[in-house]
Amino acid sequence: MACPTSMILNETSGVISSPYNPRKYPVNQTCNWQITASQGNRIVLEIEGIDIESCGGSGECTCDYLQVQNGFSVDPGASGRICGSPPKITYYSNLDRLTVMFVSGNSMPFKYDGFQATYRQLNYTPPRK
């Protein structure tokens, strides 16, 4: 799979992954996906099988990382950049879109598996006031 530079996904469900997943990913990649839900819906993104190079000390993820924007996770340590091999992480969009970015630096070519994530739209009913 090639690395998309700005792919817009608006299907009700789908799968995204690092380049060549489940094989090892190459260096110098920047992949971007914008997942957009139908009006009034939200997105849930479940990331499994994470194996991303971790460097920079204390989980700073300065070499390779996965980053999810415009959403939140109830999982501890899932904010900001994700690297290493954490367990399954679930994100929920704040509004009708979620942006996912995968970056691989220029070290350790074809050593790590990367990630695979499944997304789907959820019906959203705002809380009553």
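Predicted model: local features only at pLDDT ≥ 70, side-chain atom pairs only at ≥ 80, totals over all residues.
Colleague: How many disulfides does the structure hold?
Modeller: It holds 3. In sequence order, the bonded cysteines pair 1-2, 3-5, 4-6.

Colleague: Remind me, what is a disulfide?
Modeller: A covalent bond between the sulfur atoms of two cysteines.

Colleague: Take Cys-3 and Cys-31. How far apart are their sulfur atoms?
Modeller: They are 1.8 Å apart. The link is left-handed, with -125° about the S-S bond. Cys-3 lies in the segment before strand 1 and Cys-31 in strand 3, so the pair ties together parts 28 residues apart in sequence.

Colleague: And Cys-31, buried or exposed?
Modeller: Buried, because its relative accessibility is 0%.

Colleague: What about Cys-55 and Cys-63, left-handed or right-handed?
Modeller: Right-handed, at 140° about the S-S bond. Cys-55 counts as buried at 17%. Cys-63 counts as partly exposed at 22%.

Colleague: Which cysteine does Cys-61 join?
Modeller: Cys-83, with 2.1 Å from S to S. Cys-61 sits in the loop between strand 4 and strand 5, and Cys-83 in the loop between strand 7 and strand 8. Both are buried.

Colleague: New topic. Which residues touch the most other members of the largest nonpolar core?
Modeller: Leu-45, Ile-47 and Phe-115, out of 30 residues. Strand 9 gives the largest share, 5 residues.

Terms used
Residues numbered from 1 in each chain as written. Heavy atoms only, no water. Core = buried A, V, L, I, M, F, W, Y, C linked by side-chain atoms within 4.5 Å. Buried < 20%, exposed > 50% of the residue type's maximum accessible area, 1.4 Å probe, protein only. Helix = DSSP H or I, 4+ residues; strand = E, 2+ residues; numbered from the N terminus. Disulfide = S-S within 2.5 Å.
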